[in-house]
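Visitor: I would like to learn how to read a structure, one feature at a time. Where should we begin?

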Amino acid sequence: DKDTSGLVCIAKNRHIHHLLSVQQQEKRMNRRYEAFVHGEVASQKALITAPIGRKGTSIIEREVREEGKFAETEMELIQSMAGISHVRLKLNTGRTHQIRVHLAHIGHPLLGDDLYGGERKLISRQALHCTELQLDHPVSGERLSFTSTLAADMRKLI
């Protein structure tokens, strides 16, 4: 997602892309995010399991739909404050717009994500930041781990 800040992994060629895709499918690639969502999240931890597919009226938008592909997101509440919540997320699958769709589905769209029901009053982009990325180097096999501090515009929300 172009408006997500933080870490990103980019394959330089098709072969490496394939190897990274296999890692993702085998759950050897770990990604963690922090986000700010509308509303006060009720539970300390939640597992969101809901299939995601392309929305029938859009080539961009996705939605939770029965015939969609399996998708799973772990969510942990960091802090709730004045009608918004700061959450930590872990992707167990890698569907397009997965975090955005899952959070909107449970009634807590990302701040700034006007495509999926969020408002841009407090931030001018979706309030989503990739804070951790772990993967095996596709050639050497070395386990790599990267971290990124929260973006400045999101730190202001705290």
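Predicted model: local features only at pLDDT ≥ 70, side-chain atom pairs only at ≥ 80, totals over all residues.

Visitor: What is found at the start of α1?

Guide: There, a side-chain oxygen of N13 comes to within 3.1 Å of the backbone nitrogen of H15.

Visitor: How far apart are the end C-alpha atoms of α1, and what should its 12 residues span?

Guide: Helix α1 covers residues 14–25, and at 1.5 Å a residue its 12 residues should span 16 Å. The end C-alpha atoms are 16 Å apart, so the two values agree.

Visitor: Which residues of α1 are buried?

Guide: The general idea comes before the case. An α-helix has 3.6 residues a turn, so residues three or four places apart point the same way. In α1 the buried residues are I16, L20 and Q23. Seen down the helix axis, these buried residues fall within an arc of 50°, so they line one face of α1.

Visitor: Which residues are exposed on the other side of α1?

Guide: R14, H15 and Q25 are exposed there.

Visitor: What covers the buried residues of α1?

Guide: The cover includes β8, residues 128–136.

Visitor: How does β8 run relative to β9, parallel or antiparallel?

Guide: The two strands run antiparallel, and 5 bridges join β8 to β9, which covers residues 143–147.

Visitor: How many residues lie between β8 and β9 in their hairpin?

Guide: There are 6 residues between them, and in the turn G141 has a positive phi of about 85°.

Visitor: How should I read a side chain in a strand?

Guide: In a regular strand the side chains alternate between the two faces of the sheet. For a case, take T131 in strand β8.

Visitor: Is T131 buried or exposed, and why?

Guide: T131 counts as buried because its relative accessibility is 9%, and buried means under 20%. Setting aside neighbours within four places in sequence, T131 is in contact with L7, R32, Y33, E34, F146, T147 and S148.

Visitor: Where is H102, and is H102 buried or exposed?

Guide: H102 lies in helix α2, residues 98–105. With a relative accessibility of 0%, H102 counts as buried.

Visitor: Which residues does H102 touch?

Guide: Not counting residues up to four places away in sequence, H102 touches I48, A50, I52, V64, A71, E72 and T73.

Notes: Residues numbered from 1 in each chain as written. Heavy atoms only, no water. Helix = DSSP H or I, 4+ residues; strand = E, 2+ residues; numbered from the N terminus. Expected span 1.5 Å × (residues − 1). Buried < 20%, exposed > 50% of the residue type's maximum accessible area, 1.4 Å probe, protein only. Arc of directions from axis to C-beta. Contact = heavy atoms within 4.5 Å. Polar contact = N/O pair within 3.5 Å; in protein donor to acceptor, adjacent residues only side chain to side chain. Pairing = 2+ DSSP bridges.
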